[in-house]
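Visitor: I have a model open and some time to go through it. Can you walk me through what stands out?
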Amino acid sequence: MNSTTIDIPVEDRTVPNQKRKSQFHTNISSLLEKTCANDMKKAIHSIKLGVALVLVSLLYLLDPLFKQVGENAMWAIMTVVVVFEFYAGATLSKGLNRGAGTIIGGGLGCLAAILADNFGGTGNAIVVGTSVFIFGAAATYFRMIPKIKRRYDYGAMIFILTFSLVVVSGVRADKVMELARERLSTIGMGFFVCLFTNLLICPMWASDELHNSTASKFGKLADCIEGCLENYFNLIEETEKQPSANVSSCKSALYSKSFEESLANFAKWEPWHGKFGFHYPWDKYLRIGEVLRELSATIICLKGCVESPKQPSSRTRQEIKDSCKIAGSKVLQILRELGESIFKMKRCHAMILMHPKLQAIKMELSLIKSPKIEDPHSGESIAIASFKFLLMEIVEKVEVLAKEVEELGKMADFNIK
């Protein structure tokens, strides 16, 4: 009796594994490349600081300069150590704040010292104590105002320090004006050395860092969404443990608010350079960053939904696979186009090109019918509804991002594609 052998096709499970391995190697290589680039920037910054310290030390080492400056050269060295920062905008911010605080504090301190000297005796001490209390308390109060603290906190602190030193030294010495002039001149020398080394030798621009980091987040978040969708629709055995989606980029975006605000503040101090001019809309980058953080939180929720132990069976997921993956691929494409639009500084025309696509995606997701659930008490229907809801939330956030990026293109005068 002849027997016929029937080959049953078995799904090749190595393809998803190979894809995950390839993506893992890509992530590792990009991480190593980024780490090397950051280490190089740190090394350049360290060398620049060393050069600045050598230049300012010439005030001590060269006799002609030392005769002119004297022991006040220590203020120039102190200025370099305190003012020199990684980003050019941060150095400018600190230097200008230090100069303004020294000038205003020294000027008012001289006036207060002269006024106190006219009273003499007990009146002198009363005027000095009163002026130190009033100006110190007032400057401290203004330091706590958010807008002033964000940009002029260091200047207010230097004002308090300089004013107090000048007024108190005026009680014991007659050369108040000379003290203020000498200190201001040495601080100016130190600040000039900082500007020379930080702006002319491989400058690190906070504006470039904020621009590039904001643009790169779009692609990174798109990769996270893609990973969640792949994990959700992979055909795996129920007993096999599902691999975890990588959402590290989302977590990094959630904790980037303070860093982005610092970069935007430093960028506002930087001079016109490259693609960025004066009055560039850096606040719009902060607004885009807020929406990206909201999108990151939604993606993390999607990851939790995908990896929930109560998620639907593979068969149930396959019934909505095609519709969800088509909609997801369109969202990913739009998200990456928005990031590319910012990076290349080209207008994306979101309301004309992207808005209709996003509306169609929302319509497609809303029309997806939930599959029949054999056991209504199993929680599969709730899991499916949660998954669809999170996808709709992602589309909503992408729609807001498209609007914000289009507004940025208009405000920053991006090139028209």
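Guide: Let's start with one residue. Leu 391 is buried, because its relative accessible area is 8%, under the 20% cut-off. Keep in mind that this is a predicted model.

Visitor: Which helix is Leu 391 found in?
Guide: Leu 391 sits in helix 15.

Visitor: And what is Leu 391 in contact with, leaving aside its neighbours within four places in sequence?
Guide: Leu 229, Cys 324 and Leu 365, once those neighbours are set aside. There is also a C-alpha distance to note: Leu 391 and Ile 225 are separated by 9.5 Å. Along the chain, that pair is 166 residues apart.

Visitor: Which residues line the largest cavity?
Guide: Leu 391 is one of them, and so is Ile 225. The lining also has Ala 327, Gly 328, Val 331, Ile 361, Leu 365, Ile 394 and Val 395.

Visitor: Which helices each supply at least two residues of that lining?
Guide: Helix 13, helix 14 and helix 15 do.

Visitor: What about the lining by class?
Guide: It has 8 nonpolar residues, 1 polar and no charged ones. Gly 328 is in that lining, and Gly counts as polar here.

Visitor: Now charges. How many salt bridges does the count come to?
Guide: The count comes to 20 salt bridges. Take Glu 404 and Lys 284, whose closest N and O atoms are 2.8 Å apart. This pair links distant parts of the chain, with Glu 404 in helix 15 (residues 380–411) and Lys 284 in helix 11 (residues 282–306).

Visitor: Are Glu 404 and Lys 284 buried or exposed?
Guide: Glu 404 counts as buried, at 8% relative accessibility. Lys 284 is buried as well, with a relative accessible area of 13%.

Visitor: What does Glu 294 meet in a salt bridge?
Guide: Its partner is Lys 397, at 3.2 Å from N to O. Here too distant parts of the chain are linked: Glu 294 belongs to helix 11 and Lys 397 to helix 15, 103 residues apart. Glu 294 is partly exposed, with a relative accessible area of 36%.

Visitor: Which residue forms a salt bridge with Arg 347?
Guide: Asp 413 does, with the closest N and O atoms 3.5 Å apart. Arg 347 lies in the loop between helix 13 (321–344) and helix 14 (350–367), and Asp 413 in the segment after helix 15, so the pair ties together parts that are 66 residues apart in sequence.

Visitor: How accessible are Arg 347 and Asp 413?
Guide: Arg 347 is partly exposed, at 22% relative accessible area. Asp 413 counts as exposed, at 56%.

Visitor: Which residues do salt bridges with shared partners join into one network?
Guide: Lys 284, Arg 287, Glu 290, Glu 404 and Glu 407.

Visitor: Last, the whole protein. What does its secondary structure come to?
Guide: It comes to 15 helices and 0 strands. Of the 417 residues, 41% count as buried.

Visitor: How about the surface?
Guide: The accessible surface comes to about 23,400 Å². Carbon and sulfur atoms hold 63% of that area.

Technical notes
Residues are numbered from 1 along each chain as its sequence is written. This is a predicted model: local features need pLDDT of at least 70, side-chain atom pairs count only at pLDDT 80 or more; totals for chains, interfaces and linings use all residues. Side-chain values use heavy atoms; hydrogens and water are left out. A salt bridge is a side-chain nitrogen of Lys or Arg within 4 Å of a carboxyl oxygen of Asp or Glu. Helices (H or I, at least four residues) and strands (E, at least two) are DSSP runs, numbered from the N terminus. Buried means under 20% relative accessible area, exposed over 50%, partly exposed in between (1.4 Å probe, protein chains only). On a 1 Å grid over the protein atoms alone, a cavity is a set of points where a 1.4 Å probe fits but cannot get out, and a pocket is an open set with protein on both sides within 12 Å along at least five of seven lines; lining residues have an atom within 4 Å of a point. Accessible areas come from the Shrake-Rupley method with a 1.4 Å probe; for residues, only the protein chains shown count as cover. Contact means heavy atoms within 4.5 Å.
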